[in-house]
Amino acid sequence: MAVKYIPEPFRIKVVENIQILSKQERIQKIADAHYNVFNLNSEDVYIDLLTDSGTNAMSAQQWSGMMAGDEAYAGAKSYQKIVAAGQDIFGYQFIQPVHQGRAAEKVLLPLLLGPQKYAIANMFFDTTRAHVEIAGARAIDCVVKEAKNISLRAPFKGNMDVKLLEQTINQLGPQKIGLVVMTITNNSAGGQPVSMQNIRETASICQKYHLPLCMDAARFSENAYFIKKREPEFANKSIKAIVREMFSYADMFTMSAKKDAIVNIGGLIGIKNNPELITLIKERTIAFEGFISYGGLAGRDLEAIASGLYEGLGEAYLQYRVGQSEYLGAKLDEVNIAYQTPPGGHGLFIDAKSMFPHIPYFQFPAQALAIELYIEAGIRTCDVGSFMLGNDPDTNEQLQAHFEFTRLAIPRRVYTQAHLDVIVEALINIKNRSSSVKGYEIIWEPKVLRHFQAHLKPIK
Ligand code: F0G
């Protein structure tokens, strides 16, 4: 089915020039980077799809707000503005700015978790899982089975498996569960949304067992847009009303503002109404991030986030935004290139296993595709597969990931239809020579989060 590209609901006022190296130069650059895309200089990249986090283009309104930033240490106007925006959009009493999403996790999670405790999520993002573990607790994923079937076009593949959630709570004992987390959209499952129905059901289980429910809300407005489009009850509701309802079922949220608030840095903690918890969060924010009225950010950053939170709710913007991955997905359908379907909110997760069936997981097919995309067209993506998963901490054996995804994360308001066509063409060219693509082996790796730094070499 032909999917029309949704025209940009903005015009471009400032541009950033990018250069295109020759293929020969790119072959040299990726070898110099030890075949790890994180070691590439961004000036050697043509289209950068490494992440949609902090890579967004801000609006004229956001930039002009930055000039109005109040840089007072305490009581700044910009702080009052972000608190008012947060209260208005999410309906929570307490809004705490922090410098990014993982800072929110670092401040909040140890207040609810500790040794012998568990946190359960639809799916944890890596840093959230890391902060659960740093707090001494263990993280358990309870995502629906449909998420694991990449060719299945289900509307809400990010959902919590609520039966499994309740079973897990009963098995471990409710007193052992410190927290339930709902990641919206579900990044690790491919940017797949969570339905309102599923949020309601999860919340009612949390209430039954007196467990706090926390939204990991990085891509909250993309999730709200999917609810509007896919859950008939919400077809005529505004995005803002949908967001309000989504958050009304939870007790708190952590948020990386670097995604749906369309900024380059920032994060938030939100607490619906829990005075003791709020006091503790303020204490820890002052210790880790800075005084509560700036939370590790400049006043100008608070201004940009306050505007961006509203811009991110715009329906024309969201239609264009989600439209970009839908356009990419439709182009790949025409040429039988498999990805996690339907397309995710923040990009496409290409199935490298089916692109390179001859490359075993321990030779990192998704990393091989990331390298090929760079060599073919200067496109930077990343492995979300066995290379990222790493080794078993006990046996040091390479673990096998369920998926071998190469993630094409689309920065907000940055690339055009022509850029997307370059990506499609590159994937087609790689597919046409896929049987000649080789796997990789690791020749050096650090112990923790190895994929950011490891050195690889092609298998002969
Ligand atoms: N939660 C989710 C769902 C995320 O996707 C991220 C970051 C974080 C928390 C942490 O936020 O980066 O501001 O500290 N995801 C980025 C990505 C890095 O590329 O998917 P942060």
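Tutor: Two strands count as paired if DSSP finds at least two bridges between them. Strands (E, at least two residues) and helices (H or I, at least four) are DSSP runs, numbered from the N terminus. The model is predicted: local features need pLDDT of at least 70, side-chain atom pairs count only at pLDDT 80 or more, and totals for chains, interfaces and linings use all residues. Residues are numbered from 1 along each chain as its sequence is written, and side-chain values use heavy atoms, with hydrogens and water left out.

The sheet is open and has seven strands, in the order β2-β8-β7-β6-β5-β3-β4, with mixed pairing. Its edges are β2 (94-98) and β4 (138-141), each of which pairs on one side only. From one strand to the next, the twist averages 20°; axes are lines fitted to C-alpha atoms, for helices over the stretch in contact, and angles run from 0 to 180 degrees between N-to-C directions.

Within this order, β3 (residues 118-121) pairs with β5 (residues 177-183) in the parallel sense, over four bridges. Ala 119 stands opposite Leu 179 in β5. Helix α6 (residues 162-172) packs on the sheet and touches β3, β4 and β5, contact meaning heavy atoms within 4.5 Å. The direction of α6 makes about 170° with that of β3. A further helix, α7 (residues 196-208), lies across β5 and β6 (213-216). Helix α7 runs at about 175° to β5.
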